[in-house]
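Student: I would like to learn how to read packing features from a set of coordinates. Can we work through one model together?

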Amino acid sequence: MSLPVPTSDALAASHALQHLIAAEIARNDGAISFARYMELALYAPDLGYYSGGSAKLGKDGDFTTAPELTPLFGAAVAQAAAAIIAQSAPRILEFGAGTGKLAFDILTEMALAGVAIERYFIVELSAELRARQQDKLREFPQVQWLDEFPDAFDGVVVGNEVLDAMPVQLITKHPEGWQELRVTVRDGRFDYLEVPAGPELLAQIALQIQDHDSLPVGYVTEVHGVACGFMATLARMLRNGRANAAFLFDYGFPAHEYYLEQRATGTLMCHYRHHSHPDPFYYPGLQDITAHVDFTAMALAAQEAGADVLAYLNQAGFLIGAGAGELLLRTDPSDALRYLPQAKALQKLLSPAEMGELFKVLVIGKNVALPDAIAAHDRTHRL
């Protein structure tokens, strides 16, 4: 692959992480699950991608998220959140807040709209990102960091590109059945080792992929056990509250679009310095590793844990329904220097050829109603 060359310090950190992973493989009879490999590559203390010190987001990082493109995204989310807060409580909880940009834009818009947010909680696993967030949000005293979800919550939960970074297991179809792709060390390099899928993994496959028997031999895909567990925990927190909603933004598909023949090699993707490639073993700790989200599996996990699926729609429909177009017009179109960059960024968020269709929004919750303008774009029937 032709990718940017890491610095010597970055290479040293990656080599240290490789030694840590290799030692864990050696302690586990020569192989670990891909989910465990992905967990270490992303979250190992001080060395994992999200726990290390390199820039992840924006032009200096490896990829760009919607909040980094324009404050209009956060402002639109705030408009939708305000409608829920009016039926619930003036509290917001964000999981995985990145640089803090989305929280900053939501709180700024809430203040502009005269909506007093009593508390803005952030659940952040990365100490390095938490430090960035604390610096970014130092002017908002209502922000408080948590290490885990509370048992119950009233208000609005926000998660932008959280589910795609949760560890997945990899499986492949053999004539005799499903095999798990584990990670081993071969000739000094990480490589896959195929072993028969165990009973627990087979049960998760059957639960997640209803038509798994019909998939062709050689098919490779992901099993989202960690993300399903996250959705169940989130749903129980919402179920224990009185009135609430969670907005989850991510890229992915419903099951009937996820397990198509053209996705026979899976959806696993890595991001390094704005280059995308499929090799998760390239410099562990220096690149993001993600998988597309199976939104059908996420919705079912939430339902089974007691939350209601309030809506499923593409990002374009959500932003349009939340008034992103009207928010853009706060900037005078005749002021080309300020207006055109915002219009271009919003177009990227809305265009079906960019982020408007690939990115979806799953809304779950209890005892609240979405604004009609957002509900009009609902595609729950496609889950």
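Tutor: Begin with a single side chain, and keep in mind that this is a predicted model. F247 has a relative accessibility of 0%, so F247 counts as buried.

Student: Which aromatic residue does F247 pair with, and in what geometry?

Tutor: Look at the ring centres and at the angle between the ring planes. F247 pairs with F318, with 5.5 Å from centre to centre and 65° between the planes, which is edge-to-face. F247 belongs to strand β10 (residues 244-253) and F318 to helix α11 (residues 315-321), so the pair ties together parts that are 71 residues apart in sequence. F318 also counts as buried, at 0% relative accessibility.

Student: How many aromatic pairs does a search of the whole structure find?

Tutor: The search finds 22 aromatic pairs. Take F121 and F153 as another case: the ring centres are 6.4 Å apart and the planes are at 75°, so this pair is edge-to-face. The pair links distant parts of the chain, with F121 in strand β3 (residues 119-123) and F153 in the loop between β4 (143-146) and β5 (155-160), 32 residues apart.

Student: Are F121 and F153 buried or exposed?

Tutor: Compare each relative accessible area with the cut-off for burial, which is under 20%. F121 is buried at 14%, and F153 is buried at 4%.

Student: Where do charged side chains sit over rings?

Tutor: Check the charged end against the ring centre and the ring face. The charged end of K136 sits over the ring of F104, 4.6 Å from its centre. R263 lies over the face of F253, at 3.8 Å from the ring centre.

Student: Which residues of α1 are buried, and why do they fall on the same side?

Tutor: An α-helix has 3.6 residues a turn, so residues three or four places apart point the same way. In α1 the buried residues are A10, S14, L17, I21, E24 and I25. They cover an arc of only 100° around the axis, which puts them on the same side of α1.

Student: What do the buried residues of α1 pack against?

Tutor: Their partners are β1 (32-33), α2 (34-43), β7 (177-186) and β8 (189-196). E24 is an instance from this helix. E24 counts as buried at 12% relative accessibility, and, apart from its neighbours within four places in sequence, E24 is in contact with I32, R36 and L40.

Student: Which exposed residues are on the face of α1 turned away from its buried side?

Tutor: That face carries S8, D9, H19, A26 and R27. For A26 the relative accessible area is 61%, so A26 is exposed. Sequence separation and spatial separation should be read apart: A26 and T184 are 158 residues apart in sequence, while their C-alpha atoms are 8.7 Å apart.

Student: Which residues of helix α6 are buried?

Tutor: In α6 (residues 127-136) they are E128, L129, R130 and Q133. What covers them includes β3 and β4.

Student: Which residues is M237 in contact with?

Tutor: First place the residue, then list its contacts. M237 is in helix α8 (residues 225-240) and is buried, with a relative accessible area of 1%. Leaving aside its neighbours within four places in sequence, M237 is in contact with L93, F149, P150, D151, A152, F153 and V157. By comparison of positions, the C-alpha atoms of M237 and D164 are separated by 21 Å, and the two residues are 73 apart along the chain.

Student: How many disulfides are there?

Tutor: A disulfide needs two cysteine sulfur atoms within 2.5 Å. By this rule the count is zero. Burial is a separate reading: C228 is buried, with a relative accessible area of 14%, and C270 is buried, at 0%.

Technical notes: Residues are numbered from 1 along each chain as its sequence is written. This is a predicted model: local features need pLDDT of at least 70, side-chain atom pairs count only at pLDDT 80 or more; totals for chains, interfaces and linings use all residues. Side-chain values use heavy atoms; hydrogens and water are left out. Rings of Phe, Tyr and Trp (its six-membered ring) pair if their centres lie within 6.5 Å; planes under 30 degrees apart count as stacked, over 60 as edge-to-face and the rest as tilted. Helices (H or I, at least four residues) and strands (E, at least two) are DSSP runs, numbered from the N terminus. Buried means under 20% relative accessible area, exposed over 50%, partly exposed in between (1.4 Å probe, protein chains only). A charge sits over a ring if NZ of Lys or CZ of Arg is within 6 Å of the ring centre and within 35 degrees of the ring normal. The arc is that of the directions from the helix axis to the C-beta atoms. Contact means heavy atoms within 4.5 Å.
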